[in-house]
Amino acid sequence: MVNEVFKEKFGVELPTIESADAMDNPTAVAKFTNGKWCWFIIGGKPLANGDFYLYGLVNGIEKELGMFTLKQILEVGAELDATFTPIGVFDIYDDFDLRY
């Protein structure tokens with residue numbers, strides 16, 4: 001299932017958290033960055049307030065999979081990286097320091 005609202009806003013098809021979590025190596029479909037931290041989005045769902053609850057790999061103080069809202073990452077100055085090509089999240093995780 002794809003979240004059409006996220007696709008309209010960012011041009012990225014957003015899988016549900018459940019479908020992404022069921023994959024052995026879920027695909028990071030989008031990358032947001034503020035120049036210091038990166039958020040690789042794996043899945044999400046819309047919230048009643050117009051925000052999105054997202055699941056993905058975060059490279060900040062440490063590398064970790066986690067949940068966060070779109071509002072949270074936008075509030076710290078993150079922007080969509082339009083040059084990002086979708087890739088398996090564990091491929092990013094294993095080789096993070098070399099490519100991202």
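**Sheet and core organisation of the predicted model**

Strands E5 and E6 are antiparallel and are connected by eight bridges. The model described here is a predicted one. Within this pair, Lys45 has Tyr53 of E6 as its bridge partner. The two strands E5 and E6 make up a hairpin in which five residues lie between them. In the turn of that hairpin, Gly50 adopts a positive phi of about 95 degrees.

On the pairing of E5 with E4, four bridges are found, and these strands also run antiparallel. Phe32 is bridged to Trp39 in E5, and Thr33 is positioned opposite Cys38 of E5. E4 and E5 likewise belong to a hairpin, with four residues between the strands. There, a positive phi near 90 degrees is taken by Gly35.

These pairings belong to an open sheet of five strands, arranged in the order E7-E6-E5-E4-E8 with antiparallel pairing. In general, the strands of a sheet pair through backbone hydrogen bonds, in either a parallel or an antiparallel manner. As for strand E5, seven of its nine residues are buried, so this strand is largely enclosed by the rest of the structure.

The largest nonpolar core contains 16 residues. Those touching the most other members are Phe6, Phe32, Trp39, Ile41, Leu54, Leu70 and Ile73. Two or more residues of this core are contributed by each of helix H1 (4-10), strand E4 (30-33), strand E5 (38-46), strand E6 (52-59) and helix H3 (70-75). E6 supplies the largest share, namely three residues. Another core, of twelve residues, lies apart from this one and includes Ile17, Ala28, Leu57 and Phe84.

The surroundings of Leu54 were examined with its neighbours within four places in sequence left aside. On this basis, Leu54 is in contact with Phe6, Leu14, Ile41, Gly43, Gly44, Gly66, Met67, Phe68, Thr69, Leu70 and Ile73. Among these contacts, Phe6, Ile41, Leu70 and Ile73 are also listed with Leu54 as core residues that touch the most other members.

Key:
Residues numbered from 1 in each chain as written. Predicted model: local features only at pLDDT ≥ 70, side-chain atom pairs only at ≥ 80, totals over all residues. Heavy atoms only, no water. Core = buried A, V, L, I, M, F, W, Y, C linked by side-chain atoms within 4.5 Å. Buried < 20%, exposed > 50% of the residue type's maximum accessible area, 1.4 Å probe, protein only. Contact = heavy atoms within 4.5 Å. Pairing = 2+ DSSP bridges.
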